[in-house]
Amino acid sequence: MKCNYGRFEILFLLLITIIFTLGISISEPIAETKTVNIGYLGPLSGPASGWCLPGLTGVNIWVDEQNSKGGLKVGNDTYKIKIIKYDTEGVPSKAIDGVKKLILQDNVVLLQTQGGADATAIQPFVTRQKVIVMGLTSDTCAPEHPYYMGISENYPMYHCVSIQYIADKYPLNKKIALTVQDEVSGRGSMAWAMAAAEANNMEIVYSKFYSTETTDFAPIISAILATKPDVVSLCASWPEYRAHLVEQLYLQGFKGQIETSEYELTDLFAKVPKSFLDHAVGHYPRLDNKLLPADANKFYSDWQKRYGKGGKDDIGREYYSIDYEYRTQLQIWAYGAQKAGSVEPEKVRNALMASKDLPHTLGSSNWWGDEVFGINTSLISPQYITEILNGEEVTIDKYDIIEWYNKNKEVTLKYLKKYDLLWNQR
Amino acid sequence: MELILQTIANGLIASAFYAIIAVGLSLTFGVMNTVNYAHGEFYMIGAYTVWQLYAIHHWPFFLAVGIATILVGLLGIIVERIIFRPVRGKALSSFIISVGMVFIIQVFVARMWGVGHVKPVPAVFKGALDIFGVTIGWQRVIILPSAVIVFLGFFYFLRNSKWGRALRAVALDSEAASLYGINVNKCAAIALGIGSAMAGLAGALMAPIMSVTPYMGHSVIWTCFVVVIVGGAGNIKGTIIAALVFGYLNTIVSTIFDSTVASIVSSVFMLTFLSIRPQGILGYAEK
């Protein structure tokens with residue numbers, strides 16, 4: 001083949017290429033792309049899976065966004081993010097197997113968990129390995145769990161403000177019945193809800209735990225309805241059990257108000273008419289609410305485009321709270337890593353704990369928890385109150401959990417102590 | 001008063017549910033002297049069949065229930081021929097083998113349809129029966145006539161059909177039965193087929209009100225074993241009486257106290273009862 005370029009042109013092109021390459025090298029150090037592994041450890045099956053499985057949607061959106069930009073820039077390095085899942089089925093012994101696999105084989109630098117019994121079981125191992133664990137809930141925060149952080153939601157504290165909201169806005173609803181499964185997450189929600197009920201002089205007509213092995217919820221609801229409550233709090237009932245409880249409330253003719261952690265509307269409306277849940281009180285704002293940060297609005301829009309009706313990966317259900325929660329953990333971790341200039345867990349933890357006004361999806365958040373958990377590793381975000389109206393979860397109000405706690409400290413500590421939940425009782 | 005009536009109704013439904021599953025288990029044990037721990041998984045397959053046919057493919061509910069019952073019954077016959085026949089009469093061996101089957105069936109179903117969120121099966125009968133202040137969801141009500149029809153049909157079969165009489169003979173003494181020309185292999189296949197079909201029927205009927213997951217069998221099998229043992233292992237009438245006892249015990253204690261206490265009370269009752277009457281309610285004492 002005949003070359004059309006002369007020697008001068010070739011030399012000129014070579015020179016330009018060298019100058020251009022050197023120019024880039026001098027102005028900016030070459031960022032080496034590495035991969036950082038993050039463990040997603042939780043019940044991907046079983047009755048608590050509704051608190052873990054849906055979170056993968058938000059995680060996928062965040063991870064794909066970072067990786068499509070070339071990776072997450074931390075210090076001089078750029079990291080592709082890889083999520084490695086492990087299904088604990090909500091069984092603590094399986095969580096222990098999983099954490100060993102994720103840390104020792106997969107070298108994860110962060111563990112995303114739901115919190116509760118699974119997260120508590122893995123603490124001795126993660127503390128020895130010095131790997132950060134981020135949970136949805138704060139009930140695992142404790143001085144002996146220094147690497148655990150309750151990040152995504154104000155659980156179990158938020159039950160106090162939802163009961164407070166009912167007392168404020170529905171003062172005629174004075175008789176309250178509470179029930180939840182008998183395990184650590186359930187007990188926490190019961191304690192905070194009971195404290196708020198007592199603080200507002202509500203009459204507690206029923207407060208019992210049910211077994212985690214329950215298959216027939218009819219007798220539980222029969223016993224509750226015999227006490228003629230105005231409000232039934234299902235506290236933090238596992239999503240699968242909540243659907244059965246709500247169905248039984250409907251079938252046995254309950255006409256009052258319901259309070260619970262969150263509402264999986266697609267599942268619930270398969271069992272009860274939309275009108276049955278009118279005025280039911282929850283805690284999670286829909287993220288398209290303009291009161292929320294722009295990032296939250298954007299996430300909601302991204303979720304709908306990808307997983308909503310007719311979306312690329314249409315998931316066949318409505319958006320609900322868990323979708324954003326694990327994504328928030330990743331955002332907070334990334335914030336800490338970038339502040340620390342490293343993905344090393346110890347450095348990220350120190351950077352996060354030294355920070356104020358952290359960028360939570362629901363708004364600026366701060367560390368709290370010393371009196372209740374013995375350590376300030378619970379990240380408190382703004383707390384919204386929602387009501388179900390015509391089949392939609394609508395944001396109605398906003399409360400400050402820390403302010404509520406400071407006003408009602410005595411009664412709250414009384415109930416936490418009653419259920420052996422204070423950090424120095426464990 | 002309303003609570004008492006409601007508890008009676010709740011207890012009756014719970015008893016009918018346990019009885020349908022436990023009678024199948026008891027039949028298998030009585031005829032084959034085989035302990036089938038995978039009986040709960042047959043119940044699960046019944047529920048999955050209804051989820052697939054009724055919830056996903058929108059077939060009529062009762063057609064889906066019928067197909068689930070037949071399908072699980074056929075599965076029982078196949079399992080008897082391939083797995084249980086070589087260990088017939090050896091209770092411990094059959095128990096160990098069936099525990100293995102539990103894992104195989106669970107993993108198979110989990111691989112096929114995933115383990116995540118429960119499979120939603122919409123209620124066929126919306127609303128509730130409201131009578132004398134007692135309200136029971138229609139979907140739960142149908143378990144009661146279904147149980148009555150199944151048991152009447154089953155007792156008729158046992159008393160009046162050739163194969164029913166053969167099953168009773170094999171249950172009493174399989175060697176003597178075979179000397180009289182009864183085909184024991186065929187009887188065992190029929191027993192496991194009918195027993196499995198009952199589990200499949202229960203799973204199919206309950207799919208809209210239970211959590212359909214690969215592990216749903218686990219939650220019922222323990223109670224059903226207790227019912228079969230207390231009833232007098234292999235004794236059908238005893239099993240039905242024990243199902244009533246445990247159905248009501250669980251319901252009453254759950255209503256008055258809570259379901260954790262109910263589990264403890266049921267187990268303590270079983271231990272106490274068996275220590276006084278080891279052969280169960282209607283079982284024969286060993287000479």
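Ile241(B), Val245(B), Phe269(B) and Leu282(B) make a nonpolar surface patch of about 270 Å². Patches consist of residues with over 30% relative accessible area and no salt bridge; like charges are joined within 9 Å, and nonpolar side chains (Val, Leu, Ile, Met, Phe, Trp, Tyr) within 5 Å. Accessible areas come from the Shrake-Rupley method with a 1.4 Å probe; for residues, only the protein chains shown count as cover. Phe269(B) sits in helix 12 (residues 259-276) of chain B. Helices (H or I, at least four residues) and strands (E, at least two) are DSSP runs, numbered from the N terminus. Phe269(B) is partly exposed, at 31% relative accessibility. Buried means under 20% relative accessible area, exposed over 50%, and partly exposed in between (1.4 Å probe, protein chains only).

The model is predicted: local features need pLDDT of at least 70, side-chain atom pairs count only at pLDDT 80 or more, and totals for chains, interfaces and linings use all residues. Residues are numbered from 1 along each chain as its sequence is written, chains are lettered from A and ligands numbered from 1 in the order in which they are written, and side-chain values use heavy atoms, without hydrogens and water.

Chain A is divided into domain 1 (32-154 + 289-381) and domain 2 (158-282 + 387-425). These bounds come from an automatic or database domain assignment. In their contact (heavy atoms within 4.5 Å), 26 residues come from domain 1 of chain A and 24 residues from domain 2 of chain A. Taken over C-alpha atoms, the two domain centres lie 26 Å apart.

Gln112(A) belongs to strand 4 (residues 110-113) of chain A. Gln112(A) is buried, with a relative accessible area of 0%. Its side chain reaches the backbone oxygen of Tyr326(A) at 2.8 Å. Beyond four places in sequence, the contacts of Gln112(A) include Ile38(A), Val59(A), Met134(A) and Leu330(A).

Over all chains, 23 salt bridges are found. A salt bridge is a side-chain nitrogen of Lys or Arg within 4 Å of a carboxyl oxygen of Asp or Glu. Asp295(A) pairs with Arg327(A) at 2.9 Å, N to O. Asp295(A) is partly exposed at 30%, whereas Arg327(A) is buried at 5%. Asp302(A) and Lys298(A) form another salt bridge, at 2.7 Å. Both lie in helix 11 of chain A, four residues apart, about one turn of the helix.

Conventions
A polar contact is a pair of N or O atoms within 3.5 Å; within protein, one must be able to donate a hydrogen and the other to accept it, and residues adjacent in sequence count only if both atoms are side-chain atoms.
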